Amino acid sequence: MPPSARQPRLSPTTLRKACSECTLAELCLPMGLEQDDMERLDAVVEQLGPFHDGDHLYRVGDEFRSLYAVRSGQYKTYLVDESGREQVLGFHLPGELIGLDAIYPDRHQCNAVALDTATVCRVSYDDITALSQRVPGLQRQMFRLMSRDIGSAQALGGDYSAEERLAGFLLNLSDRLRARGYSPQHFVLAMPRRDIANYLRLAPETVSRVFKRFQRQGLIGLERREVRLLDMARVQELARCVPH
Amino acid sequence: MPTSDSAGDIDLRRLRRVCSECSVRELCLPVGLSSDDLDELETLAELRGPLREEEHLYRIGDPLRYLFAVRSGTFKTCFTDEHGREHVLGFHMPGELIGLDAIYPERHQCEAKALETATVCRFNYDHLTDIAGHLPALQRQLFRLASKDVSGMQAPTASNPAEERLAAFLLDWAGRLKRRGYSATHFVLSMPRRDLANYLAVAPETISRLLRRFQDEGLIRIEGREAWLLDPEGLRKV
C-alpha cells in the first residue's frame with residue numbers, strides 16, 4: 001500500500017537510527033542515554049512527515065497513544081472554547097516533546113498543528129513506559145521534560161505587563177534557538193502575530209504596539225516575521241522578573 | 001524496657017502506614033499499586049507537619065530534594081519578583097503533588113506556603129524515581145500526576161473576562177473537593193481574597209464586586225470564607 005498522504009514514512013534504514021543520528025538527541029528524550037539504550041529507543045521511534053503549514057498532528061479528544069518529538073519545523077498547540085475563541089497553549093521547536101498533557105486523561109487535551117513544513121518522531125507511550133522500566137535515564141528524562149513544561153505553564157500565570165511578557169517571550173525563544181545551534185539574535189517568528197498575542201494573553205493591538213515601541217527604542221529590529229535582538233541587555237532587563 | 005519497646009513498635013508500624021491509612025490515597029501516588037508496591041512506597045513516605053498558616057514548605061532556590069503530597073489543609077505556590085510583586089501560581093489541596101516544577105532546574109522555582117494548618121507527606125525524589133524504576137504502576141502514576149500539571153490550561157487567561165475566570169475557578173475548586181469526598185456545594189475558600197485576585201489576574205475590588213454580583217444573581221452565597229454554590233449550572237453558563 002502506498003504511504004498515506006497524511007503520514008508518509010521514511011525508509012526503514014533511516015528509521016532505525018532515528019535518535020542516535022539526530023543532532024537534537026541531547027535536548028530530547030535520549031538525553032544522557034548510553035549507546036545501547038539509545039539503540040533500544042531507536043527501535044521504537046518512527047519518523048513521520050513532512051507535514052505542511054496547517055496539518056494537524058492530533059486534535060482534542062483523539063485517543064492518546066503516542067508522544068511526538070518535533071524534528072524539524074515548529075508546532076503550535078491550542079484549544080478552541082465553546083464560543084469559538086482560540087487559546088494558544090504553546091509553540092514547540094525541534095527537540096521538544098508534545099502530547100505530554102494527554103497522559104493523565106488518556107486523550108489529547110488540545111490540538112497540535114504545524115506552523116511550517118515539519119517532521120516529527122513518534123513513540124508509542126506504552127513503549128516509552130516499558131523502556132523506562134529498563135532504562136532509568138529515560139524515566140529521568142521524561143520527568144525532566146514534564147517538569148520543564150510545568151514550569152513554563154506556570155510562568156505565564158504571573159501578573160506581568162505587556163512589555164515584560166513580550167520581552168520574556170523573545171528571550172525564551174532566543175534561548176531555545178541557541179540550544180539548537182541557531183542564532184539567538186536573529187531569527188524568524190514562525191507564528192503569526194495574533195498567535196503570539198493569544199499565547200501571551202494580550203490583545204493583538206497591544207502586541208503590535210509593544211513591538212513598535214521596542215523597535216523605536218532600538219531593542220529589536222523587526223521586518224515582517226524576522227526579528228533581530230539588537231540590545232540583548234535591555235531585553236533581558238525588561239524580562240528580568242519573568243521566569244523563562 | 002518491654003513496654004516502651006512495644007509502644008515503639010506500634011509507632012513504627014503506624015509511621016509506615018502513611019499511605020494505606022490516608023483518605024486521599026486514591027488520588028495520590030498509591031493509585032494502582034499492589035499491597036507489596038504500597039509497602040515499598042511507604043518506606044519513603046515521611047509525614048511532616050502540622051505546618052501553621054504562612055509557614056513555608058520550601059522557598060525559591062532551595063535544591064530539589066523532595067516531592068510533597070498535600071495530606072491535609074491547603075497550600076499556595078507563588079513567587080515574589082524583584083519589584084516585590086507577588087505572583088500566585090496555584091492552590092493545592094490534599095492528594096495533590098507539589099514541587100514537580102523543580103525537577104528540571106533541580107531547584108525550586110517558587111515557594112510553597114500553608115494557607116491554614118496543614119500536613120504533607122514528603123518523598124525523597126531520588127529514592128522515589130529509583131523505586132518507580134522497578135514499580136511500573138508507581139511510574140505510571142507519577143507520569144500521570146506530572147502530566148496533569150503540564151498543560152498551560154490551568155493557568156487562568158487574562159483574555160477571558162474576569163467573571164468567566166472566577167466562575168471557572170469556583171467550579172474547578174468544587175470539582176477537586178468533590179473528588180476528595182467533600183461537599184462540592186458548600187466549602188471554605190481557604191485563600192485570602194487578594195490571593196485569589198492575584199491568581200486570576202484580576203483586581204481585588206473586582207473579585208469582591210463579582211462575588212457580590214454572583215450572590216445577587218442567586219448563583220452563590222458567601223459568608224466570610226465560606227461559600228455555597230447554589231446554582232452550579234448557572235455558574236457554568238457565566
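Chain B falls into two domains, domain 1 spanning 2-154 and domain 2 spanning 162-237, with bounds that come from an automatic or database domain assignment. The model is a predicted one, in which local features need pLDDT of at least 70 and side-chain atom pairs count only at pLDDT 80 or more, while totals for chains, interfaces and linings use all residues. Residues are numbered from 1 along each chain as its sequence is written, and chains are lettered from A and ligands numbered from 1 in the order in which they are written.

A distance of 26 Å separates the C-alpha centres of domain 1 and domain 2 of chain B. Across the boundary, 13 residues of domain 1 of chain B are in contact with eight residues of domain 2 of chain B (C-beta atoms, placed from the backbone, within 7 Å). On the domain 1 side, strand S5 (residues 86-92) of chain B gives the most, with four residues. That side of domain 1 of chain B is made up of seven nonpolar, three polar and three charged residues (Ala, Val, Leu, Ile, Met, Phe, Trp, Tyr, Cys and Pro count as nonpolar, Asp, Glu, Lys and Arg as charged, and the others, Gly among them, as polar).

Turning to chain A, three strands form an open sheet in the order S9-S11-S10, with antiparallel pairing. Strands here are DSSP runs (E, at least two residues), numbered from the N terminus, and two of them pair if DSSP finds at least two bridges between them. Strands S9 (186-188) and S10 (220-223) of chain A each have a single partner strand, so one side of each is left without a neighbour in the sheet. S10(A) and strand S11 (residues 226-229) of chain A run antiparallel and are joined by four bridges; Glu223(A) has Glu226(A) in S11(A) as its bridge partner.

Technical notes: Two residues are in contact if their C-beta atoms, placed from the backbone, lie within 7 Å.
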